[in-house]
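Biologist: I want to learn how to read disulfides and strand pairing in a model. Can you take me through a case?

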Amino acid sequence: MFFLAILLFSYFQMSQQIQKATANGKEMLSNPRLTALQGTLNVVMNQNVTLSCQPDAGSPPVTYTLFKHNQKVSTLNRPDLTPALFNLTINSASDVGEYKCKAENNIPSGGKYSNSLIFTLLEPISKPVLSSPISEVKKGQRVTLSCLSENGSLPITYIFFKGKQNISPPLKMQKREAAVIFLFINSSSDFGTYKCRAENSFRNNTKYSNSFNFTLAEERSHSQPLLISLGLILLLLVIGLALAIPFFIIPSYKAKKFKSTRSSSGLTSKMKEEPENYVIYTEIEPVKPEEEYVNVSVVRREDEKGENLKL
């Protein structure tokens with residue numbers, strides 16, 4: 001019941017305004033239509049665009065105001081219902097966004113807003129980069145190819161090629177991420193030259209990537225690990241020998257040499273067996289300087305007597 005009362009009161013108020021406007025000979029404006037005369041909302045840098053704002057009905061004169069993000073851009077006055085044309089230049093990314101216009105005549109609170117228009121800035125794409133996590137592969141191996149253009153307005157469409165033949169359907173990327181395909185390297189013909197192509201809505205802006213080639217990885221023989229192990233063992237032996245020379249071999253040699261020198265410095269020699277009547281040895285003992293003695297021992301046959309001489 002309360003809701004119905006509100007509806008009736010609103011209808012009564014609007015009826016009074018319409019009657020008042022008709023009595024003054026003025027007709028309220030309809031909501032204007034905002035359109036882009038170039039027919040598209042995709043724009044590029046430094047492009048000139050024209051926006052048209054026009055109501056379908058209402059009493060002139062009409063004042064038109066253009067807004068961008070709810071901020072006033074320009075105002076035009078028309079003595080009749082001819083459209084207002086707003087000329088703009090897209091100089092930066094801040095010049096794109098949501099646009100609206102407002103139409104007003106002399107009726108109080110009779111201003112009407114138009115629909116919204118949102119421009120999209122098209123940027124040319126940069127040269128895409130084709131890459132793979134590995135470049136050396138074996139036959140039968142699965143590989144990955146990635147293609148990415150780091151600059152350019154989205155979406156971007158990628159196609160992969162081997163030589164001049166495409167090997168993938170068009171891949172349309174709505175986000176700034178690489179297009180990826182998977183391949184199997186089954187034969188030598190799969191080691192060709194790969195490329196990718198990128199394009200977006202920017203006219204005449206198709207770019208090709210760098211070339212990429214897979215190479216066949218050399219298969220190692222079973223004897224290689226054994227040779228490597230033997231080489232490591234030999235290296236360790238050489239290092240051990242080099243460490244043993246200064247710490248063990250040289251000290252042992254010096255000790256043996258010192259012992260040999262010490263044993264050869266004695267003053268007594270063993271007597272060798274000789275035939276009878278020969279002098280076996282003569283020993284001269286060191287004496288004090290003031291006295292000198294020489295002991296001579298003579299051995300003769302059994303029938304002769306030994307003589308001892310003392311000087």
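Biologist: Are cysteine 53 and cysteine 101 buried or exposed?

Modeller: Buried means under 20% relative accessible area, exposed means over 50%, and partly exposed lies in between (1.4 Å probe, protein chains only). Here cysteine 53 and cysteine 101 are both buried. Keep in mind that this is a predicted model: local features need pLDDT of at least 70, side-chain atom pairs count only at pLDDT 80 or more, and totals for chains, interfaces and linings use all residues. Residues are numbered from 1 along each chain as its sequence is written, and side-chain values use heavy atoms, with hydrogens and water left out.

Biologist: How many disulfides does a search of the whole structure find?

Modeller: A disulfide is a pair of cysteine sulfur atoms within 2.5 Å. The search of the whole structure gives 2 disulfides. One joins cysteine 53 and cysteine 101, with sulfur atoms 2.0 Å apart. That link is right-handed, with 75° about the S-S bond. It connects distant parts of the chain, 48 residues apart: cysteine 53 sits in strand β3 (residues 47–54) and cysteine 101 in strand β7 (residues 98–104).

Biologist: What counts as a strand or a helix?

Modeller: Both are DSSP runs, numbered from the N terminus: helices are H or I with at least four residues, strands are E with at least two. The protein chain has 2 helices and 23 strands.

Biologist: How far apart are the sulfur atoms of cysteine 147 and cysteine 196?

Modeller: The sulfur atoms of cysteine 147 and cysteine 196 are 1.9 Å apart, and the two form a disulfide. The torsion about their S-S bond is about 70°, so this disulfide is right-handed. Cysteine 147 lies in strand β13 (residues 141–148) and cysteine 196 in strand β18 (residues 193–199), so the pair ties together parts 49 residues apart in sequence. Cysteine 147 has a relative accessible area of 0% and is buried. Cysteine 196 also counts as buried, at 0% relative accessibility.

Biologist: What is the pairing when the bonded cysteines are numbered in sequence order?

Modeller: For the protein chain, the pairing is 1-2, 3-4.

Biologist: Which strands pair with β7?

Modeller: Two strands pair if DSSP finds at least two bridges between them. Strand β4 (residues 62–68) pairs with β7 in the antiparallel sense over 6 bridges. There, lysine 68 stands opposite tyrosine 99 of β7. Strand β9 (residues 117–118) is antiparallel to β7 over 2 bridges, and isoleucine 118 in β9 is the bridge partner of glutamate 98. Strand β8 (residues 112–113) and β7 also pair in the antiparallel sense, over 2 bridges. In that pairing, lysine 102 stands opposite tyrosine 113 in β8.

Biologist: What is the order of the open sheet of 3 strands?

Modeller: The order is β11-β13-β17, with antiparallel pairing. The edge strands, β11 (129–131) and β17 (179–185), each pair on one side only. β11 and β13 pair over 3 bridges.

Biologist: What share of the 311 residues in the protein chain is buried?

Modeller: Buried residues make up 24% of them.
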